[in-house]
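This briefing accompanies the structure shown below. Please read it alongside the coordinates.

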Amino acid sequence: MNEIDILKNIAENLSQRKSSAALNNYEVLGNNIKFLNDSFIWGIENLLILQKQIELDLEKDELVTNNFKDNSKSHYYFRKILPRIVSNDISIIDKFIANTQPDDRQNITLENVHELKKTFLDFSNLVTASRQFIDSLVSDAYQLIKLESKEINFHVLTSLHSFNRFVTKSIRQALFNSEIEDSLNEFNNLSNNKRIRGNESHITKCSETSFGNKVDFLFSQLNLTTETDFQNKIKDLFSFSSEFTHIGYVSTFFTSSSDSEVIFKDDISPYLPSTENFSELKYELLEIVMRFFTKVYLPSVDKALETAFVKDTYDSLLESLNVISDRISQDLKTRNNQYYFFIKQGLIESEETIDLTCICGTTRNWEAPHDMSKIFCSNCGSQFNLLEIEGDPGYIITSNGPVKVIGSSVPDFNELPIEKQIDLLKQCEKVVNEQTK
Ligand SMILES: [Zn+2]
């Protein structure tokens, strides 16, 4: 191809937008977004409580390790900086949460469905909030693990240096005093090279200058070396969001169409393709960002706490941290799973409505004719797989205990008399013991 061929392809394919439908199910996306968003709100409320506790505990000499007591050591000053870093991060996470709320579909009709349309503004806000999240939390997690004076000096002075270039007089007055001025002047007098290298006499250092290097550093420090896919996904999100925050051609083109859209409809209300596309992206972002929060960010806070506090205090703070991490990890695991049901052979071809109750508690009343594309949970997005069993088998004994075969002429397990339940559980135990022999 020559340059004109390429330009022709762009002009013909990337100038007039075709309408596009997302591959996911909008109702499921909406439920999953709400579920994860609620979980994250709970997590941040609890992180805020923990942050306040950390701040208080760092003020008490008897609770911190020796290096944190000695004002000739750099760690001493992290008693003020550490809680500030976490508090800054909470603000960033709050913004992300505000931008990943589920769509309000109440009272949406054909007349007002256009209110659900997602435009350049929505996409730009969502992706920019995600970019700020990932960028800031990677950078802060790095600082929390390092807890080094030169590294944090570089981080803050670089920020101050940029801020100072355009800040208004009144803000400047509120923020700058002679001590800050002196520090900044010292920094400004250094060449970029000297700021980064951090040799003996230098005041600043930055060992990992790029986002990607910081991510690699974190994954190696936190023993996440087997998580290469996730590590790459974080970097992919960074590149993708650059496209949006720096107003790239493709992202702007994709999101700024003013064309009218076809109207879709499900059990809840009408909706638009752009709403569904947007929800799909929102869900993916929520999922990856929350995974990052539990796998990378909270463990980095943990490392900092371990360095700062004496054992008893550290243990008690860690317990609170683990409560947050465990609940969010658990919540993430409950979305979009694969579940298996045993079902009596012939039932699928019958006229009967088959009730499939998902682990999340939602039941799908699967009506005849039984359409295989409809067996998923509308609440959590899990896919159901059916294993047909011949005859009238009753219960199947699995590693999770006895399970009723759907369509069998026996009561549900928990409707059985207690002695029958115990009897079945004993049989399970026997099977498990035989298998493990
Ligand atoms: Zn479910």
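Does Asn-107 count as exposed or buried? Asn-107 counts as exposed, because 8 C-beta neighbours lie inside 10 Å. The model discussed here is predicted. Its protein chain has 15 helices and 8 strands, and 26% of the 437 residues count as buried.

**Overall dimensions and contacts**

- Taken along the principal axes, the C-alpha atoms of the protein chain fill a box of roughly 85 × 65 × 45 Å.
- When contacts between residues at least 6 apart in sequence are considered, 71% of them join residues at least 24 apart.

**Helix H6 with helix H8**

- Helix H6 spans residues 149-164 and helix H8 spans residues 178-188; the two pack at an angle of about 95 degrees, with their axes 10 Å apart.
- H6 and H8 are therefore roughly perpendicular to each other, given that angles from 65 to 115 degrees fall in this class.
- On the H6 side, the contact is made by Leu-157, Leu-160, His-161 and Asn-164; on the H8 side, Ser-183, Leu-184, Phe-187 and Asn-188 take part.
- By class, this contact of H6 with H8 comprises 4 nonpolar and 4 polar residues, and no charged residues.

**Helix H5 with helix H10**

- Helix H5 (residues 120-146) packs against helix H10 (residues 211-221) at an angle of about 50 degrees, and their axes are 10 Å apart.
- The two helices, H5 and H10, are therefore oblique to each other.
- The crossing of H5 and H10 is left-handed.
- H5 contributes Asp-135, Val-138, Ser-139, Ala-141, Tyr-142 and Ile-145 to the contact, while H10 contributes Phe-211, Lys-214, Val-215, Phe-217, Leu-218 and Gln-221.
- Sorted by class, the residues of the contact of H5 with H10 are 8 nonpolar, 2 polar and 2 charged.

- Strand S4 (residues 354-357) and strand S5 (residues 363-366) pair in the antiparallel sense over 4 bridges.
- Within this pairing, Thr-357 stands opposite Thr-363 in S5.
- S4 and S5 form a hairpin with 5 residues between them; in the turn, Gly-361 has a positive phi of about 100 degrees.

**Backbone geometry in loops**

- The peptide bond from Ala-368 to Pro-369 is cis, and its omega is near -5 degrees.
- Pro-369 is placed in the loop between S5 and strand S6 (383-389).
- Asn-107, a residue other than glycine, has a positive phi near 60 degrees.
- The loop that holds Asn-107 runs between helix H4 (78-98) and H5.
- Leu-147 is not a glycine, yet its phi is positive, at about 45 degrees.
- Leu-147 lies in the loop between H5 and H6.

**Individual residues and their surroundings**

- Ser-241 has its place in helix H11 (residues 228-245).
- With 22 other C-beta atoms within 10 Å, Ser-241 is buried.
- Not counting residues up to four places away in sequence, Ser-241 touches Val-127, Ser-130 and Arg-131.
- From C-alpha to C-alpha, Ser-241 and Thr-252 are 12 Å apart in space, and the two are 11 residues apart in sequence.
- Cys-206 is found in the loop between helix H9 (192-197) and H10.
- Cys-206 is partly exposed, since 19 other C-beta atoms lie within 10 Å.
- Leaving aside residues up to four places away in sequence, Cys-206 touches Glu-151, Phe-154 and Ile-196.
- Cys-206 and Gln-51 are 155 residues apart along the chain, and their C-alpha atoms are separated by 26 Å.
- Leu-332 is found in helix H14 (residues 311-333).
- Leu-332 counts as partly exposed because it has 19 C-beta neighbours inside 10 Å.
- Residues up to four places away in sequence not being counted, Leu-332 touches Glu-287, Met-290 and Arg-291.
- The C-alpha atoms of Leu-332 and Val-301 are separated by 20 Å, and the two residues are 31 residues apart along the chain.

Methods. Residues are numbered from 1 along each chain as its sequence is written. This is a predicted model: local features need pLDDT of at least 70, side-chain atom pairs count only at pLDDT 80 or more; totals for chains, interfaces and linings use all residues. Axes are lines fitted to C-alpha atoms, for helices over the stretch in contact, and angles run from 0 to 180 degrees between N-to-C directions. Angles under 35 degrees count as roughly parallel, over 145 as roughly antiparallel, 65 to 115 as roughly perpendicular and the rest as oblique. Two residues are in contact if their C-beta atoms, placed from the backbone, lie within 7 Å. Ala, Val, Leu, Ile, Met, Phe, Trp, Tyr, Cys and Pro count as nonpolar, Asp, Glu, Lys and Arg as charged, and the others, Gly among them, as polar. A crossing is left-handed if the near helix is turned anticlockwise from the far one by less than a right angle, and right-handed if clockwise. A residue is buried if 20 or more other C-beta atoms lie within 10 Å of its own, exposed if 12 or fewer, and partly exposed in between; C-beta atoms are placed from the backbone. Two strands pair if DSSP finds at least two bridges between them.
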